[in-house]
Amino acid sequence: MTRPRAPRVLLAVWGGAVLVFLLLPILLILPISFSAGTFLSYPLPGLSLRWYRVIAEPFPWVFAFKNSLVVGVAATILSVVLGTMAAYGVTTAAFRFRTAVVVLLLSPMVVPVVISGLGIYFFLNRAGLLGSYTGLVIAHTALGIPFVVATVGATLQGFDRTLIRAAESLGGRPRAAFFDITLPIIMPGVVSGAIFAFVTSFDEVVVALFLSGTSAMTLPVQMWNGIRFEINPTVAAVSVILIVFTTVVFILFTTLKRASS
């Protein structure tokens, strides 16, 4: 029996309304970024590229973008290495309090980011790493590891461990078996975790507000300061660039995932 047409139409209309509700604020940012005025306002007084020229200046926007890129790449590398090792360990090894360890590893995903930022602030303050790249990388690594643990752990759930035993029976060392057999199979989970870790680091603002100084100010912190102290379309122009950047990253990820499958 076929479903009545009316409920399907209502469901489609409702889904379209929700989609418009979610996308409309993003779409409204695009025209404002080309505004010739000096405030975030509608209707637009004219069209101009002046705000895109402002964010192309070396300071502060390009400087903040470079900081976010450096911190994001470094935090992603550390998150992938540590998170993959942790996921492999808790998935393959049998030990007491295993569930507690998994919960501890995933806790930064559920703990309010303000609480995490405050705790990291006091820790790095004692270590003398406030306002430094090293402190930001450590903090963002702690926030990125749970995503890698979750994605790699999910991939390892369906991993056939008889392949490892077969490699060991043929004289393969555990390290060689991991890099030659396990890692290629779980690579989709590693790549997914890396992308989530990088996006989390690149977009994170709360912890960065606690830790960053003038020498390690990231792009989200600069945007926050721009909204607080000068409400002009520069922030809208930066937002459009970030939307395009994020869209390109996920399109590349989807393309690579389809190619690998």
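This is a predicted model: local features need pLDDT of at least 70, side-chain atom pairs count only at pLDDT 80 or more; totals for chains, interfaces and linings use all residues.
## How α3 meets α6

Two packed helices are described by the angle between their axes and the distance between the axes. Take helix α3, residues 58-92, and helix α6, residues 133-157: their axes come within 5 Å and cross at roughly 40°. That angle makes α3 oblique to α6, since angles under 35 degrees would be needed to count as roughly parallel. As for handedness, the crossing of α3 and α6 is right-handed.

What sort of residues make up the contact of α3 with α6, by class? There are 17 nonpolar and 10 polar residues in it, and no charged ones.

## Two antiparallel pairs

Helix α3 also pairs up with α4. Here the axes come within 10 Å, with a crossing angle of roughly 160°, so α3 and α4 are roughly antiparallel to each other. This crossing of α3 and α4 is left-handed.

Helix α6 has another partner too, namely helix α8, which spans residues 174-203. The axes of α6 and α8 come within 8 Å and cross at roughly 150°. The cut-off for roughly antiparallel is over 145 degrees, and α6 and α8 therefore get that label. When α6 passes α8, the crossing is right-handed.

If you're looking over the surface, check out a nonpolar patch of about 920 Å². Its members are Trp14, Val18, Leu19, Phe21, Leu22, Leu23, Ile26, Leu27 and Ile243.

Which helix gives the most to this nonpolar patch? That would be helix α1, residues 5-33, with eight residues. Val18, one of the patch residues, is found in α1.

Where does Phe97 sit? Phe97 is found in the loop between α3 and α4, the two helices that run roughly antiparallel to each other.

Methods:
Residues are numbered from 1 along each chain as its sequence is written. Side-chain values use heavy atoms; hydrogens and water are left out. Axes are lines fitted to C-alpha atoms, for helices over the stretch in contact, and angles run from 0 to 180 degrees between N-to-C directions. Helices (H or I, at least four residues) and strands (E, at least two) are DSSP runs, numbered from the N terminus. Angles under 35 degrees count as roughly parallel, over 145 as roughly antiparallel, 65 to 115 as roughly perpendicular and the rest as oblique. A crossing is left-handed if the near helix is turned anticlockwise from the far one by less than a right angle, and right-handed if clockwise. Ala, Val, Leu, Ile, Met, Phe, Trp, Tyr, Cys and Pro count as nonpolar, Asp, Glu, Lys and Arg as charged, and the others, Gly among them, as polar. Patches are made of residues with over 30% relative accessible area and no salt bridge: like charges are joined within 9 Å, nonpolar side chains (Val, Leu, Ile, Met, Phe, Trp, Tyr) within 5 Å. Accessible areas come from the Shrake-Rupley method with a 1.4 Å probe; for residues, only the protein chains shown count as cover. A salt bridge is a side-chain nitrogen of Lys or Arg within 4 Å of a carboxyl oxygen of Asp or Glu.
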